[in-house]
Amino acid sequence: MSAEAPSRRWPDTVLQRLKDRVIDADDHLDAMWRRVDNRLGRGKPRHLAAYRGYADARGVELIGRVLAETPQGGPLEDAGWWDNLLDTYRRFESDEVPDVPLRLQYRGSSLDLRSDHEGYWHAAFDSPAPMSDLLWDNAIASLADGTLPTPQPVLQVGPRARFGVISDIDDTILHSSITDWKMAAQLTFLHNARTRKPLAGVAALYRALQGSHNPIFYVSSSPWNLYDLLEDFMELNGIPLGPIHLRDLGTDEGKFIKSAGHGHKLERAIHLIERFPELRWVLLGDSGQADAELYAEAARTHPDRIAAIYIRDVDPDADSARDLGVDGHIQRIAGTSVPMLRVGDSAAIARHAAGLGLLDAASIAAVDAEVSRDRQRPSLGQAALAEAATPAGPGGPPATQ
């Protein structure tokens with residue numbers, strides 16, 4: 001018997017030392033640039049990116065980021081691939097401002113805190129004043145001295161909510177071709193919120209699930225830098241807005257560049273399930289990533305809290321290894337009371353959800369009509385390939401002399 005070939009994987013201790021060195025170097029580099037910015041009068045807080053938060057009768061949870069510059073531009077229908085590429089660069093090049101004193105106010109309560117070393121604020125505090133009857137309210141984020149007052153939308157999870165929805169984004173509501181990295185890169189870097197396309201029938205389906213008071217939350221492996229693109233996309237396509245939970249790509253311990261897997265989506269789902277114990281939940285994902293595995297685990301640990309799980313088939317016209325993987329997770333929770341389905345489109349979800357009483361059967365017709373209408377749109381993949389292959393014209397890079 002031949003000896004086993006030695007493993008080429010580096011020992012964990014060596015990897016940890018390398019990670020520690022990179023993290024330490026990154027911290028020192030950040031500190032150096034902050035000193036330079038301070039001497040030059042740059043790096044002052046000029047914009048508060050107040051992401052959508054959520055609250056119930058007990059308290060509120062808010063996330064945001066302090067930036068040195070106000071974001072410029074927006075999604076334009078006539079923007080060329082060069083304009084979109086520049087916008088993408090600006091998103092990832094945004095300058096955060098760390099250690100800034102802040103004040104958050106909501107329903108008569110307030111909290112003073114400081115942005116972390118990457119400019120983020122993460123806050124949870126009691127706000128027991130009575131809730132309004134509206135689905136949305138506003139908190140106010142500002143610098144500690146009251147300047148830069150910024151409304152921060154807050155989703156109110158009130159007693160009239162029948163259930164909550166947790167949805168993935170890529171290839172669940174937004175056509176991302178995440179299983180084809182070349183196409184995914186083109187869609188991410190060369191398109192904007194107006195030219196990206198939703199999956200057929202998503203807007204009508206999610207409006208039906210939301211009704212008047214059911215909260216919808218979104219989770220994704222995309223970085224926070226894409227927040228504005230995703231929110232613009234939802235608003236432009238009539239998809240109900242909700243808090244969006246993304247990832248921070250950095251060199252911090254625990255997220256070194258980008259930690260493996262998509263476990264943060266499960267962590268966020270479990271947090272919401274436990275944060276709102278009075279609600280049952282509908283979970284929506286796709287077969288292109290690990291959603292089936294993550295949601296099956298949520299059903300296994302909280303079977304009485306999950307009303308249904310729907311996994312969109314990213315390749316419904318073929319039997320693939322992804323399908324077998326999803327079906328395996330469906331079998332894994334067969335002993336629970338949680339229905340979990342691999343579905344081809346929004347219409348299939350609507351029919352099953354109506355059978356469970358999660359949405360009004362009368363809304364199925366609206367979902368069917370939107371599925372049909374959305375399928376008449378040009379193929380996004382073909383459009384992206386055609387545009388990327390077209391020589392730069394209006395909106396392209398400046399011609400060289």
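User: Which residues of α4 are buried?

Analyst: In this predicted model, the buried residues of α4 are Val202, Ala203, Ala204, Leu205, Tyr206, Ala208, Leu209 and Gln210.

User: What covers the buried residues of α4?

Analyst: The cover includes four strands, β9 (163–168), β10 (216–223), β12 (280–286) and β13 (306–312). It also includes the helices α9 (346–355) and α10 (364–374). Just after α4 comes glycine 211, with a positive phi of about 55°.

User: Why does aspartate 374 count as buried?

Analyst: Its relative accessibility is 11%, and the cut-off for buried is under 20%. Aspartate 374 is therefore buried. This residue belongs to helix α10.

User: What makes the approach of aspartate 374 to glycine 201 a polar contact?

Analyst: A polar atom of the aspartate 374 side chain lies 2.9 Å from the backbone nitrogen of glycine 201. The limit for a polar contact is 3.5 Å between N or O atoms, and the pair falls within it. Leaving aside neighbours within four places in sequence, aspartate 374 is in contact with Leu199, Ala200 and Gly201.

User: How many aromatic pairs does the structure hold?

Analyst: There are 9 aromatic pairs.

User: Why is the pair of tyrosine 206 and tyrosine 218 called stacked?

Analyst: The ring centres are 6.4 Å apart, within the 6.5 Å limit for a pair. The planes stand at 5°, which is under 30 degrees, so the pair is stacked. Tyrosine 206 is in helix α4 and tyrosine 218 in strand β10, 12 residues apart, and the pair links distant parts of the chain. Both tyrosines are buried.

User: Why is the pair of phenylalanine 276 and tryptophan 281 called tilted?

Analyst: Here the centres are 6.4 Å apart and the planes are at 45°. Stacked requires under 30 degrees and edge-to-face over 60, so this pair is tilted. Phenylalanine 276 and tryptophan 281 are both buried.

User: What sits over the ring of tryptophan 136?

Analyst: The charged end of arginine 52 does, 4.7 Å from the ring centre. The distance limit for a charge over a ring is 6 Å, and arginine 52 is within that limit.

Terms used. Residues are numbered from 1 along each chain as its sequence is written. This is a predicted model: local features need pLDDT of at least 70, side-chain atom pairs count only at pLDDT 80 or more; totals for chains, interfaces and linings use all residues. Side-chain values use heavy atoms; hydrogens and water are left out. Buried means under 20% relative accessible area, exposed over 50%, partly exposed in between (1.4 Å probe, protein chains only). Helices (H or I, at least four residues) and strands (E, at least two) are DSSP runs, numbered from the N terminus. Contact means heavy atoms within 4.5 Å. A polar contact is a pair of N or O atoms within 3.5 Å; within protein, one must be able to donate a hydrogen and the other to accept it, and residues adjacent in sequence count only if both atoms are side-chain atoms. Rings of Phe, Tyr and Trp (its six-membered ring) pair if their centres lie within 6.5 Å; planes under 30 degrees apart count as stacked, over 60 as edge-to-face and the rest as tilted. A charge sits over a ring if NZ of Lys or CZ of Arg is within 6 Å of the ring centre and within 35 degrees of the ring normal.
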